[in-house]
Amino acid sequence: MFFLALFTQMIEPGTPPPVQSLYGATMVSLEFGWFAVVSVLISQEGIKKRFFRISHWLERLTGVVLMGLGIRLAFADRH
């Protein structure tokens, strides 16, 4: 969905197919590079240990944020 939303902002119906292909190849290569770097960093033993040490706090924080968003949505004014 992210890429679809991004492409619809950049590519118009009149955009030539080679340009569309260039946009697509650029996005694929950038995303592959980003996720490759993230996966290499996260797989490092020291980083994994630190992450697991604080993961329970991150999960609690995420839970509180999601509950807050749910409560806000439940009480949102519907027009």
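Visitor: Is Glu 45 buried, partly exposed or exposed?
Guide: Glu 45 is partly exposed, because its relative accessibility is 48%. Buried means under 20% relative accessible area, exposed means over 50%, and partly exposed lies in between (1.4 Å probe, protein chains only). Keep in mind that this is a predicted model: local features need pLDDT of at least 70, side-chain atom pairs count only at pLDDT 80 or more, and totals for chains, interfaces and linings use all residues. Residues are numbered from 1 along each chain as its sequence is written, and side-chain values use heavy atoms, with hydrogens and water left out.

Visitor: Okay, and which side chain does Glu 45 meet in a salt bridge?
Guide: That's Lys 48, at 3.9 Å from N to O. A salt bridge here is a side-chain nitrogen of Lys or Arg within 4 Å of a carboxyl oxygen of Asp or Glu. Lys 48 is partly exposed, since its relative accessibility is 31%.

Visitor: Where do Glu 45 and Lys 48 lie?
Guide: Both lie in helix H3, 3 residues apart, which is about one turn of the helix. Helices are DSSP runs (H or I, at least four residues), numbered from the N terminus.

Visitor: How far does H3 reach?
Guide: H3 has 30 residues and spans 42 Å from its first C-alpha to its last, close to the expected 44 Å. The expected span is 1.5 Å times one less than the number of residues.

Visitor: And where does H3 bend?
Guide: At Ile 54, by about 50°. That's the angle between axes fitted to the seven residues ending there and the seven starting there.

Visitor: What about the surface around there, which residues form a nonpolar patch?
Guide: Phe 51, Phe 52, Ile 54 and Leu 58, with about 400 Å² of accessible area together. Patches take residues with over 30% relative accessible area and no salt bridge; nonpolar side chains (Val, Leu, Ile, Met, Phe, Trp, Tyr) are joined within 5 Å, like charges within 9 Å. Areas come from the Shrake-Rupley method with a 1.4 Å probe, and for residues only the protein chains shown count as cover. Ile 54 itself is partly exposed, because its relative accessibility is 44%.

Visitor: Switching topic: where is Thr 15?
Guide: Thr 15 sits in the loop between helix H1 (2-10) and helix H2 (17-42). Thr 15 counts as buried because its relative accessibility is 16%.

Technical notes
Helix = DSSP H or I, 4+ residues; strand = E, 2+ residues; numbered from the N terminus.
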